[in-house]
Amino acid sequence: MAALVLSALSYAFQAFNSTAEFDADGDDTIERWDERFAKLKEKLPVNHGVVGYLADFDVEGIESSLADQEAEYILAQYSMAPIVLARSTHYEWIIGNLSHQAYTTWLDSAVGAYEVTDFRDNLYLIHRVEP
Amino acid sequence: MTLYSIGVFLVPLGIGSLIVHLLWQDSDPKAALLKFGLGIGVGLGLTSLLYFVYLIFFAGRNGFFTIMLCLLAILVFAASRNFDFRRLSIPRLNLTWVQSILLAALIGSTVLAAGTVVNMNRARPHGGFDAWLIWNRASRFIYRGGEEWKTAFSPEFYFFFQADYPLFVPLTNAWVWETMNTETLRVPFVQTSIYLFGSVFLIFSALHFSRSLGQATLAAIVLLGTTTYISVGSAQMADTPLALLILAVTILFHSFSKTRDTNLSAVTGFTVGLCGWAKNEGIIFIILGSLSFYFLLIQERNKAQEISRYLAGLVLPLIIIAYFKLGLAPSNYLTEGGLQETLQHLTDLSRYSIIGRAILGELRSFAGWFYAIPMFILYYFGMNKQDNDGSRWRITSIAMLSLQILSYIAVYVITPRPLEFQLAHSLDRILLHVYPAFLFVLFSSTVTPETLFSPSKIETQGLQSGN
């Protein structure tokens, strides 16, 4: 019984001690992504429903880390709620989260006509004007 | 903002506690604490279910909180009619030295755990990875979506967003945000803290009611000292709500087997149903919990009456889960592989070996402790009360919780996703679903600190527990 109590207390103390070292300002990654997408969201004439999502891992010939790309996709989806980001370019509106190289590669190979608004920071709002 | 959130959350907690109180009219003051503990899951679950129904008919319109306030007022009125205010008194604490030491340790553990939760929330205000991948993302879709809230279940979601997951936690965030008219991060923080500390309170109140203050304190200290339970519980995911509900069901089974109070059957049925509203794993628990309840009733004369009350409690969550799963939610990832792949996985022995190794690894480090499981098993056999009373409840509970774990193993065997990744990502977390319930069984079956350090009190303990 004493061993149980002492173990529990010591683990509770260890947990507190290890988390006390966490950054007191917190991880602001999500806030930065919310901010990054805020202007694009204002411009997007869709308040809900589905839009396309295009990132480096969708562009042929561009090398990228799958884990990083998936993490960025998840962050983008979290920020863009309540709009669903489908990994496809078959939508009228597409959000491009692309490095410069990936953007130019995609643009060179894209079929159809598009209007692109560059929000800087590798973020593009792509409007498909012709199928 | 935190206090405002807590104030709003008090309404469902009040609703749940009063429903349990009205159904289970035990006048023992210790029962009042237990009723409040059981009311946490009932209240938050009921408001979440009712908000789902509200959204179907009135999405985009405010007014849900007013309805909840009216419901609370009705329940307060109903409860106060039979309440004898003359019996209200502050219980005198006459603590033994063992109880005093344990209570001091409990206060220390609570402060440390609260500090850990606050530290983790400061570092990760949006919760753990799964929280913003699944639960808080769904909350944002429902709250921000207004009339278009059903977009949260779009089949266009990429598979890893798990848009088919049940809505207990997301809907609770959404309705509290709607009430507060702001999407504050305090709401998921307060919600996750309620489940975490609520399960500690529940195990404490149940053992205080059925065993002794010392035993209740001991169990609460162990749960608060469980590192992974605290970290998962502060990560704003749906694992601790499910753990709280499974704990509540195990406690209700225990109370039912002692009191044979037929009204407890309805509360049990409702709580079992809520498990399926918290997580997909809870849907398996609906089957196991219902079979276990039937097993508890085998020697019962009024079996039909008990079952009908149980089903009356189960029906609301069951209908809503069925409507959500069949009418709104996209298909679950387990169906991706198809029958052929499932059969292939079932006959692939290497998968069993990988799962076995992962479970053996958990034996060593489960709960963030060094060999916690062997330590608990040793404690169980070393400190067992060695009576046969309540053995049906004990066997039923252990079988139910073990089968729940077996069902998780079965899911790992057939999963179409990379097995090692899924094991590494979820095994320790999902084992926590049954952990508080196992602790309750453990501390219900072992001698109390009071008995151990003062053998003359054995009779008193026995009477108190009825165990």
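This is a predicted model: local features need pLDDT of at least 70, side-chain atom pairs count only at pLDDT 80 or more; totals for chains, interfaces and linings use all residues.
Local features need pLDDT of at least 70 and side-chain atom pairs count only at pLDDT 80 or more, while totals for chains, interfaces and linings use all residues. Residues are numbered from 1 along each chain as its sequence is written, chains are lettered from A and ligands numbered from 1 in the order in which they are written, and side-chain values use heavy atoms, with hydrogens and water left out.

Over all chains the structure holds 44 aromatic pairs, where rings of Phe, Tyr and Trp (its six-membered ring) pair if their centres lie within 6.5 Å, and planes under 30 degrees apart count as stacked, over 60 as edge-to-face and the rest as tilted. Two of the pairs are tabulated here.

| Ring pair | Centre distance | Plane angle | Class |
|---|---|---|---|
| B:Phe157 and B:Phe161 | 5.8 Å | 55° | tilted |
| B:Tyr158 and B:Phe160 | 4.9 Å | 80° | edge-to-face |

B:Phe161 is buried at 0% relative accessible area, whereas B:Tyr158 is partly exposed at 24% (buried means under 20%, exposed over 50%, partly exposed in between, with a 1.4 Å probe and protein chains only).

In chain A, the charged end of A:Arg87 sits over the ring of A:Phe57, 3.8 Å from its centre (CZ of Arg or NZ of Lys within 6 Å of the ring centre and within 35 degrees of the ring normal).

B:Arg417 is buried, with 14% relative accessibility, and its contacts (heavy atoms within 4.5 Å) beyond four places in sequence include B:Phe159 and B:Tyr333.
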